[in-house]
Amino acid sequence: MFSDDTAISLEGISKRYYLRSQRPVDLKTTLLHLPSFLWRDSNRKAFWALDGVSFSVARGESIGIIGPNGSGKSTLLKIVADLARPTQGKIAVNGRISALLELGAGFHPQITGRQNAVLNAVLLGLSRREAEEALPDIIAFSELGDFIDEPMRTYSSGMYIRLGFSVAVHVHADVLLVDEVLAVGDAEFQQKCFDHIEKLRAKGVTIVLVSHDLGSVTRFCERAVLLHHGRVQVEGKSQPVVHEYLSRIAAVLGHAVSS
Amino acid sequence: MAKVKSDIPYQLVLLPALFPWSWFQTSALMATPAIANNGNLIKKVHFPRYVLPFATVANNMVHFLLTIPIIMIIILASGRQPNYTWLIGIPLLTLLELVLLLGTVLIVSAIDVFFRDLEHLLDVLLNLAFYMSPIIYPLSALGRYQKVALINPMASLIEAWRDLFARNQLPTPIDVWPCIVWAVVTVLVGSFIFGRLEKGFADVL
């Protein structure tokens, strides 16, 4: 069932979160209210962020994940990135993952861009030496120039994303996960990123892109998955899926206007 | 109250015990919230989670090793000479304390993610442990309670550090066996607990 051509395979992935309002978060309260804690534990309110999501992504394919806020897109990426474990279901990822899930995640504001680039590359799985070797490419791609030796707290959000993206695409990953972050870069840099993603794809890198920028999804993803309430609504070629999403939005808006 | 007798001056009772203890206490306190305080990193970047508490321990180990010259100065000022035993004893005892610490921080840093008040509880417990360990007094001051005191994982280790620095005595496994047992147990229990709990880190942070 899992061939070499498959980069990511998801089978019935579900993720349950408990709404925490009822749960004590400290030892003292837990011990003092042990009976009620145990009793409440079985009555916790569950929230299914993902509910039986299945699809697979071929090697070298780029797939867009779209859907309204709260539909489970980011949770899904977290599971693919192995940051969170699914409550149910099976996931298999072939190869090394590089995830760019949030603007500046893993950057330390007090150290320089150069130091952060190395630190981030190491966090993403490179050795110290590989990171040092990749550094010139990373810096060149980010176009940060002399600012690379300034502490990151002085950076603008555009500069953050430039460095973050540059690191993420230079760690020789087999699977690249990008969540929504490109919106911060200017048009030129976005174009450059997509060109680079295109190049990576040609080398067989698999791309998973979560975005509300439906234009980019149709342009750069062959396939798309529409999520809603943690379920896959539509899956297929990106154009029809985006179209379906837009018509659903239109239907909801039309309903709101008419009522 | 019995008068504490010792063959060495008090500064040599205190300092060679105090610095290794500080390494333990500071590491344990700083490493406890190491994961809980880095929720953003845990939720967004995939890397081995134990790196965070371990880094704190390693950092404090360097601080501790840098205090050894100070101990040496005190020893020399007291008219004693360090000898070759230091070259063998320091790495051995450092390793033992390191293993004990790594096991300990695996346990507390993982639990702290779910019960954030562990930090404060531990602060109090470590203060208590400070007085219960033979730091400001030699173990011999405890008389017939020495055996009970050795249940404390730090007791035999602190004594070994003092014997090494102040008396140039090499530690033997028999001297530090309670600490060795504790180190092995904490590493095993710590790996198990950490491995179980780390699956849930991203969900509760």
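Biologist: What pattern does chain B follow when read along the sequence?

Modeller: Chain B reads α-α-α-α-α-α-α-α, with eight helices and zero strands, where helices (H or I, at least four residues) and strands (E, at least two) are DSSP runs numbered from the N terminus. This is a predicted model, in which local features need pLDDT of at least 70 and side-chain atom pairs count only at pLDDT 80 or more, while totals for chains, interfaces and linings use all residues. Residues are numbered from 1 along each chain as its sequence is written, and chains are lettered from A and ligands numbered from 1 in the order in which they are written.

Biologist: Why is chain B called as compact as a globular protein of that length?

Modeller: The radius of gyration, taken over C-alpha atoms, is set against a globule rule of 2.2 Å times the number of residues to the power 0.38. For 205 residues the rule gives 17 Å and chain B has 18 Å, which is close, so chain B is as compact as a globular protein of that length. Along the principal axes, the C-alpha atoms of chain B fill a box of roughly 55 × 35 × 25 Å.

Biologist: Why are α1(B) and α4(B) called roughly parallel?

Modeller: Helix α1 (residues 10-31) and helix α4 (residues 85-114) of chain B pack at an angle of about 25°, with their axes 9 Å apart; axes are lines fitted to C-alpha atoms, for helices over the stretch in contact, and angles run from 0 to 180 degrees between N-to-C directions. Angles under 35 degrees count as roughly parallel, over 145 as roughly antiparallel, 65 to 115 as roughly perpendicular and the rest as oblique, and α1(B) and α4(B) are therefore roughly parallel.

Biologist: Which residues of α1(B) and α4(B) meet?

Modeller: Counting two residues as in contact if their C-beta atoms, placed from the backbone, lie within 7 Å, P20(B), W23(B), F24(B), S27(B), A28(B) and A31(B) of α1(B) meet E97(B), L101(B), T104(B), V105(B), V108(B) and S109(B) of α4(B).

Biologist: What makes β1(A) and β2(A) a pair of strands?

Modeller: Strands pair if DSSP finds at least two bridges between them, and nine bridges join β1 (residues 6-18) to β2 (residues 46-58) of chain A, which run antiparallel. In β2(A), F55(A) is the bridge partner of L10(A). Five bridges join β1(A) to β4 (residues 88-93) of chain A, also antiparallel, and there V93(A) is the bridge partner of I8(A).
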